Amino acid sequence: MNTATSFIPRRHGIDVEYGRRTARPLRRFIRGNPEPSEARWRAIGEGLMQGDPLADELLVQMQAQGMPKAMKDFQACLQHGMGSMKSADPALRAFFETVEQSPPWLDREKLAEGARVFQSMGMTSHFILRNVSLMGGYQASAFNKTLILTGALNAGASRRVAETLKWVVSATGTGAMDIGAEGYRDTLHVRLIHAMIRRRVAALPDWDAAEMGLPINQTDMAATWLAFSALLLMGVRVMGMPITRDEAHAVMHLWKYICWLMGVDQSWLTDDEMQGRHLLYQMLIAQTPPDHTSVQLGSALMNEALALPYPGMRSLRARYESARHLSVTRLFTGREGMKALGLPPNTLPWYPIASAPFRFAWHLAHRVIPGGAARARRVGRKTHEQLVRLHFSGRTGSVRPLNEV
C-alpha cells in the first residue's frame, strides 16, 4: 500500500472542462453519477506522487548490489520462483514473496475465462488498444512527458507498439499468468523497467515534480489499466462484438490481476465493469489537455502502420491498414480529438461502422454452432500471434532489454 501524501502536483485537474468534453462519449455508457467525491478527487491527485514502493526499493538494492549479479538473481526468481534461491537479498525476497502470494480475491477460473474471452477478440482488441487506448491516451499531455523524456520518439512508435503488443499477447495466453509462465515473467520484467524509468526520469533536470508528480505514478498506471480493461470492453462492443456480463467480469478480473502484478495499488483495482467506467471517467476529467507532444506522438503512431512489412502488395496494404486504424480513432475521439492528435480531422469512421454488423454476426454464429467458441478463440489467438510476428519482423527480443532503458 502506498503511503499517503498531502501534496498534489499542479497538473491535477488543470482543465476539468476539457476533460469532461473528452469523457463525454464515455458518459453515455455510465449508469449513475460518475463525478468524483472530494476524497476520490484528492486521492487521484495524491496518486500522482506515489510510485511502486516494492519495485522501487528492489531497484535501489539491485543497483547497490551491482546490476549484473542482481539481474541474474531476478531472472532466476522469475523463471523458477523464490523457493529456488538458497539465499537472496532482502528486497528481492520481499518482492517475490509478495507477488507469489496470490491476493485473496484471485479466482483462477475467472482468470482463465478472461483469457479465453480476450483471445476470441482477435483483431478487434488490437483496433481498440492501439487506436483508442494508446492513440487516444496521447491527448493527455502530462502523461506524454515521460514518453518524450525516455526517447519514445527517437525509438519510434513501431517499437513501442511492438513491445506493448508482445506483452499483451504473452499476458493473455492460456495459463500465462501462472508463476514462471511467459506472461507472468514479462509483466514483472516490465514492472522493473518502470521502476528504472521512474528513477531515471525523476532525476532529469527537465522533470518538474511540483508540476508533474512522479513519472509512471499510481494515477497514470491506474488510468492505463482502465484503458486495457473497461475501455477495451466498451470499445469491442461498439465494434460489434457481443460480450456478456459474466464475460466482461472475467476480462476485468484478468486485467485486475495483471495490473496488480504490474504494481498498481489495490485501491485502484476492481473487476466490476461499471465501477471501472466510473473510475475511468474520473481519471479522464483530471488529465491535462493536449499540447505539441500529443501531435508528435499521434503523428508518429499514425505513420507506424505505413512502415510495417505486410506480405504481398505491401504499399497498398499499408495504406489500407493505416486508413482502418484512423477510422477507428475518429469514431472514438471525434473531430476535436483528431485535431488534438495531429490526425486528419476529416477522416470518416467508415471501418468500424461498416464492419460492426458482420463482426456481430460472426461472433454470434460462433456462440451457437458446436465447437464455435473454441474455434473463435483459436482464430483470435492466431491473429494475435500473427500481429506480434508482423511487428517484430526484422527485430529481436520481446520487451526492451533493461540496459536500453
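Glu 273 and Arg 277 form a salt bridge, with their closest N and O atoms 3.0 Å apart. This is a predicted model. Both residues belong to helix H16, which spans residues 273–286. They sit four residues apart, about one turn of the helix.

How accessible are the two partners? Glu 273 has 13% relative accessibility, so it counts as buried. Arg 277 has a relative accessible area of 10%, so Arg 277 is buried as well.

## A network around Arg 10

Some salt bridges share partners. Arg 10, Asp 208 and Glu 211 are joined in this way into one network.

Glu 211 lies in helix H12 (residues 209–212), while Arg 10 lies in the segment before helix H1 (16–27), so the bridge ties together parts that are 201 residues apart in sequence. Glu 211 is partly exposed because its relative accessibility is 23%, and the buried class ends under 20%. Arg 10 stands at 47% relative accessibility, so Arg 10 also counts as partly exposed.

Which parts does the salt bridge of Arg 130 and Glu 304 tie together? The side chains of Arg 130 and Glu 304 meet at 2.9 Å, N to O. Arg 130 is in helix H7 (residues 123–137) and Glu 304 is in helix H17 (residues 292–304), so the pair connects parts that are 174 residues apart in sequence. Both residues are buried.

These pairs belong to a longer list. How many salt bridges does the structure hold? The total is 24.

## Ser 229 between two helices

Ser 229 is placed in a loop. On one side is helix H13 (218–228), and on the other is helix H14 (230–238). Is Ser 229 buried or exposed? Its relative accessibility is 0%, so Ser 229 counts as buried.

What lies around Ser 229? A polar atom of its side chain is 2.8 Å from the backbone oxygen of Trp 225. Ser 229 is also in contact with Met 252 and Trp 255, once its neighbours within four places in sequence are left aside.

Conventions
Residues are numbered from 1 along each chain as its sequence is written. This is a predicted model: local features need pLDDT of at least 70, side-chain atom pairs count only at pLDDT 80 or more; totals for chains, interfaces and linings use all residues. Side-chain values use heavy atoms; hydrogens and water are left out. A salt bridge is a side-chain nitrogen of Lys or Arg within 4 Å of a carboxyl oxygen of Asp or Glu. Buried means under 20% relative accessible area, exposed over 50%, partly exposed in between (1.4 Å probe, protein chains only). A polar contact is a pair of N or O atoms within 3.5 Å; within protein, one must be able to donate a hydrogen and the other to accept it, and residues adjacent in sequence count only if both atoms are side-chain atoms. Contact means heavy atoms within 4.5 Å.
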